[in-house]
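I opened the model to look up its sheet and one of its helices. My notes follow.

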Amino acid sequence: MRDFTLPPALEASEPPARRDDVRLLAGTPDGVTHHSFGALPELLRPGDLLVVNTSATLPAAVRLDRLALHFSGPLPPGSDGAEDAWLVELRLREAGATVPYPGGRRGEWFPLPGGATLTLLGRQTPRLWRARLNTDVVPYLRRHGVPIRYGYVGRDWPLSAYQTVFGTGVEAGVGDGLDGGSAEMPSAGRPFTYELVTRLVARGVQVAPITLHTGVASPEKDEPPYPERYDVPAPTARLVNHVRWEGGRVVAVGTTVVRALETAVAGHGFLRPSRGWTSHVVTPEVGVRAVDGLLTGLHEPRSSHLRMLTAVAGEALLERVYEEALAEEYRWHEFGDVNLLLRRRGGEIPDP
């Protein structure tokens, strides 16, 4: 996809008054159309399946006098020299917002609110550090953290503004080893309301859960992926396979869902129950096998997510969608408008 410039005026700076008070830009093989988000049930068919992310959002930022520490997520067990370590981004506080902080050194430690201490263990990526907190991270964040906020959002909002109706409790998680939550909101699910979910189900559209705890978004430009925890439960895997076998469409609500489902695809093309850690990156070269569509926000120029969107929709359709989004002044980021991409099914699903 060609590069583009995102005008600051199109950056959504606050949540809408109602969750579903956003616009929906639909791109399909038949063209590009404009809707309110409440029209989603009419854009789907009975027998389609929406797969949603149940990860709740953590208050993952801890603010110091000059720095903010963004807790991205834990490292997989057995990571070299990183037992009980988390990936953490250091950001400099400036004028009510934060910018990347290039400083820090191995062994440096920071006194945190509540008497905790964070120690830097070494760099994981140019922006992310392996770090260890001297207490359990998730309970600590629940007491002392705030939601991660970037400069385009003008003020703090409560954690409830960063939760979706699908999010489960951050303490319970989905099972052993998957407690916690996401550093940043799985924002494609944010416009959904309980009333809209009821309308979808009444139309015959099914809804199934996965979980993927996503880390901070800021390193995603030109940096390697890092592992994130996910769970595709057996009932969801069975339902995805059934829907596709019967000719329905599987629509992922968010790029996190695409990543989890594509990680769980077996060699024969069917989904299998799967959980653990994924570093899978969806690209046009790799393609997608588990999804027929994607509901997502609008992504920044040069974001790695645009390659995933190209894999789902194709380059020509995605180019047209983003041209329309810019021309019609759709809003970007987690409080902004949403984009539905549907692709034409290619070929039959193989016999199991």
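I began with terms: helices (H or I, at least four residues) and strands (E, at least two) are DSSP runs, numbered from the N terminus. Two strands pair if DSSP finds at least two bridges between them. The model is predicted, so local features need pLDDT of at least 70, side-chain atom pairs count only at pLDDT 80 or more, and totals for chains, interfaces and linings use all residues. Residues are numbered from 1 along each chain as its sequence is written, and side-chain values use heavy atoms, without hydrogens and water.

I traced nine strands in an open, mixed sheet, in the order 2-1-16-15-13-3-11-12-14. Strand 2 (31-36) and strand 14 (274-278) are the edges; each has a single partner strand, so one side of each lacks a neighbour in the sheet. From one strand to the next, the twist averages 20 degrees.

**One pair.** I checked strand 1 (residues 23-28) against strand 2: they run antiparallel, joined by six bridges. Arg-23 faces Ser-36 of strand 2.

**Helix 6.** How many residues of helix 6 (residues 305-313) are buried? I found eight of its nine buried (under 20% relative accessible area; exposed is over 50%, partly exposed in between; 1.4 Å probe, protein chains only). Among them are His-305, Leu-306 and Met-308. Next I looked up the cover, using contact (heavy atoms within 4.5 Å). The cover includes helix 5 (255-263), strand 15 (293-297), helix 7 (315-327) and strand 16 (338-342). Just after helix 6, I noted Gly-314 with a positive phi of about 90 degrees.

How values were computed
Axes fitted to C-alpha atoms, helices over the stretch in contact; angles between N-to-C directions.
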